[in-house]
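Please look through the sequence and the structure shown here before reading on.

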Amino acid sequence: MSYLEYHAKSTPTGLRKIFYLNWPLVLLLSAAAGIGFLMLYSVAGGSFTPWVEPQAKRFMVGLGAMLVVAMVPIWFWRNISVLAYLIALLLLVAVELFGSVGMGAQRWVDIGPIRLQPSELMKITLVMVLAAYYDWLPANRTSRPLFVILPVLLIVLPTFLVLKQPDLGTSILLLAAGGGVMFLAGVHWAYFAAVIAATIGLVTAVFQSRGSDWQLLKDYQYRRIDTFLDPSQDPLGAGYHITQSKIALGSGGWSGRGFMQGTQSRLNFLPEKQTDFIFTTLAEEFGFVGGVTLLVIYMLIILFCIVTAISTKDRFSSLVTLGIALNFFLFFAVNMSMVMGLAPVVGVPLPLVSYGGSAMMVLLAAFGIVQSANVHRPR
Amino acid sequence: MKRNPKELDNSHRTVTRRTLVLGGLQLGFAGALAMRMRFLQVDQADQFRLLAEENRINIRLLAPSRGEIYDRNGMIIAQNSPSYRIVMVPEDAGDVEAVIANLSRLLPLDEEDLERARTEMRRSRPFLPITLADQLSWDDISKVAVNAPALPGITPEVGLSRVYPQGEDFAHVVGYVGPVSDYDLSKMEDPDPVLLTPRFQFGKVGFESKLEETLRGKAGTKRVEVNAAGRVMRELDRREGVAGADMQLTMDAELQSYVQARLGRESAAAVVVDIENGDIRAICSSPSFDPNLFVRGISVADYRALTEDPYRPLANKTVQGTYPPGSTFKMVTALAGLENGVITPEETTWCPGHLEVSGRRFHCWKRAGHGHVNLLDSLKSSCDVYYYDLAIKVGIDRISEMANKLGLGIRHDLPMSAVAAGLAPDRAWKSRTYGQDWLVGDTVNASIGQGYMLASPMQLAVMSARIASGRSVTPRLVKSVDGVEEPSGAGTPLDISETHLRHVRKAMYAVSNDRRGTGYRSRIIADGMRMAGKTGTSQVRNITAAERAAGVIRNEDLPWERRDHALFVCFAPFDNPKYAVSVVVEHGGGGSTAAAPIARDVMLQALYGGTPPLDAYPAGDRRKIEAQQDRLERERLKRAESGGNDQA
């Protein structure tokens, strides 16, 4: 019996749970999504179709899902973690075998009417299974080699499958989020030093493999890295995305060019303006002020998660909350770095703002777990 | 598993500590992102704003309308007419091939044009219009308009295209325009960007080419907002260009048309110069061609017909063609003699039919000789020996100097293609060109306008004008540009004694009006219109001693290209000279028979400003002239009719 169940009698029950939801967090999430609707309305040229309407519906569904998840006791989520992880893993294998091909990557799987992106699901279930693992593992064994190898396998297996899709962005996110949870759980520093060293080795290997038979990434990914390192070498070809994105950002200035006045997005100079590059439209139309506002909202969401995590004594609750927050952080950090020309174009959406159903709903459901941890905290 | 509280506390502390570390890292990274944003959006904002503007704004050129060309009476010579073309926007057409098939049922489409259109289509973006057919008639366009529902994506467009309503009359003067070619661009140092617009018409030959910049004007600009695909979203502003300047020529279209018709199918050239101010009233090279063919894009067959014609219709013989002036040069030699005091008008020379010079015999055209000849007789009957003798005395350098004074051997700057300088040789020229000494035989040849001597018909007309006026009359083709009068070509008095000029003019009068003059048969008898002239027959082959012994072969018995050139220069009226005319008929035979009659008709036409009365002609010629006038009038009407059809 874990800490939570032991103290179960002091947690709120029934409809009273609603009062224990972290409402400021709900508000912040809605604010971020609201900015998303605004930008989608703008890039559609002042129209609710084709993006705002479906996005808003999905947000409502996602919000509903979050509340439902929040009502379910956190120990239930802990108990199904392993199962959820296995299902996600199975789905990853399924897309590898039968998944449809879109944009050069196998990422989707159709289950009845639902089109699911298993890698999205994996981001959450990986965090859940790792949190559950460290909840089960006595703290004094955390850093023993045998007990380090198991979570590493749990991380590496899905990462490898996602990388094979190929989806470089998500695989990096999985690796970073999993590693982050291990770090939070208290695994010894030395392991991370080793992993970082190994990463450097891997990067070297990736570059060494280029052009050989065992090439690890697709050609377009290599080209994206090339143009990231020097986008000016091909401003109309592969470097076009980054160059145009920087132009849009920079031309926004302090306060932006005004709502719906961004020429870069309105005239289609921005690639994938409704998805991965939506931040550039925000920055172009609302300038530095707009960009920083969104950044602050994001950081406040992280802050609320950290507060929730620290205020609970349950290991699973705090680790899963922090893991989800870290995931969220990695999402927007990678996306923003990408559009600002600090990271390669890897295809990571801006959480809650970019158009796209599966990512948003999974994310909201994950915040449901954070809410559940908050609600079912013994008081 | 029941955990003890101490262990729980420990692990909780660890998580909290690590959370703070990770949270700090996240905050730091967020700070870095904010700094980067600041750098891009605040520090470099101006630079990126500029780049964004460059992205979205495209500058399009607005082609200026080309200046039009008129004759001295305001008759249009080159104009811009609406030209219709069919364009297709592939994106709107849908099934491109089906639409083309429908269209070809309505109007004949050139397979070559279609192939080019298909290539263009593959290369350009689907929303950009592609031209399928050009230079269509209004009928074709209406057919397309009526059938519009069956032709999605097809629109008739109207543009401006150069049209020359006078057809072949002005082909050699005005030249023609055509689309700018890569070759044209390669010759230009810094081509005006407007030349790069597709189908831009540009002067290729003649006046259109020489005064291209003035006629073209300045392109306007239009700033448009474009999206990433290059599609125009809206126009931001426009700055109108400057239309090309309208030009008025000194020429008289009616006279030009008459002269062209009068030359007919001869390979010939004729020039009419206004002695008062140097205005070129008519300048015809025959045969000619229709410049409109070149504007539309001439067919290979038509072009070959033009280039393979032995009469060289594409050559402008009036200024490009240079001919030995023959006896028309004798006035120059005479004036050189008079001005240098070598001869007096009354002094006579004995002509036995030939002259022995350093062991070589130079013949007079008249084998029997002219006997005693003075200046007047020598010109009137065109005695060669008189000039051989005179030239030896005066020397080539002085003859050459006089030739230059009278406008020969110097380039007159006219806005036409390849204006030739001709040649009035002197000693220095020969040693420079051939590295040889000048021989006395060369002087003898030059004295009668043979040998190295070369002049264009235009120069010969200028020479006549200068003799008639005593001024350095300079030919002028452009009367005014955009209403601003060009400087007159009246010239300043030549440094030649008026007495000497009068003697030469009197002799020229005798050529045309003395019973024994070589031009007597082509005289004018109307009072106050009397003409003074000089015939010329220039050899294009050497006559060997053997041939001379056997009797010189007559022109009629020679193949066309070996016959003599026929020349005639004149001015009229004698008392108050108004026009100078020169006529050269290539391989026409004798100047008095082939060139003089044409010159007389042209002169009368110019003097009367239209068809002259028959009583200006000697009684014996009138019936023939009347028939000729009727024939030319009928031809003119017929041409005007077909020309009218062309424009419709």
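In what order do the 5 strands of the open sheet in chain B stand, and is their pairing parallel or antiparallel? In this model, which is a predicted one, the order is β12-β11-β21-β20-β19 of chain B, and the pairing is antiparallel. Strands β12 (280-286) and β19 (532-538) of chain B stand at the edges with a single partner strand each, so that one side of each has no neighbour in the sheet. On average, and with direction ignored, neighbouring strands of this sheet are turned by 5 degrees against each other.

At one end of that order, strand β11 (residues 268-274) of chain B pairs with β12(B) in the antiparallel sense over 6 bridges, and Val271(B) has Ile283(B), in β12(B), as its bridge partner. Helix α21 (residues 498-513) of chain B packs on the sheet, where it touches β19 and β20 (565-572) of chain B, and its direction makes about 75 degrees with that of β19(B).

The nonpolar interior comes next. In soluble globular proteins, nonpolar side chains tend to be buried together. The largest nonpolar core here has 122 residues, and those with the most contacts inside it are Ala270(B), Val273(B), Val581(B), Val583(B) and Ala595(B). Helix α23 (residues 591-608) of chain B supplies the largest share of this core, with 9 residues. Val583(B), leaving aside its neighbours within four places in sequence, is in contact with Ala268(B), Ala270(B), Leu567(B), Phe568(B), Ala595(B), Ile598(B) and Ala599(B). Another core, of 117 residues, lies apart from this one and includes Trp77(A), Ile155(A), Ile324(A) and Ala359(A).

Helix α11 (residues 253-263) of chain B is mostly covered, with 9 of its 11 residues buried; among them are Leu255(B), Tyr258(B), Val259(B) and Leu263(B), but also Gln256(B), Gln260(B) and Arg262(B). Gly264(B), which follows α11(B), has a positive phi, near 60 degrees.

For chain B as a whole, there are 24 helices and 21 strands, and 43% of the 648 residues count as buried. Of the contacts in chain B with a separation of 6 or more, 74% are between residues 24 or more positions apart.

What remains is the meeting of the two chains, where 40 residues of chain B are in contact with 42 residues of chain A. On the side of chain B that touches chain A, α1 (5-43) and α2 (45-56) of chain B each supply at least two residues, and the largest share, 24 residues, comes from α1(B). The residues of this side divide into 18 nonpolar, 13 polar and 9 charged.

Technical notes: Residues numbered from 1 in each chain as written. Chains lettered and ligands numbered in written order. Predicted model: local features only at pLDDT ≥ 70, side-chain atom pairs only at ≥ 80, totals over all residues. Helix = DSSP H or I, 4+ residues; strand = E, 2+ residues; numbered from the N terminus. Buried ≥ 20, exposed ≤ 12 C-beta atoms within 10 Å, placed from the backbone. Contact = placed C-beta atoms within 7 Å. Nonpolar A, V, L, I, M, F, W, Y, C, P; charged D, E, K, R; others polar. Core = buried A, V, L, I, M, F, W, Y, C linked by C-beta atoms within 7 Å. Pairing = 2+ DSSP bridges. Axes fitted to C-alpha atoms, helices over the stretch in contact; angles between N-to-C directions.
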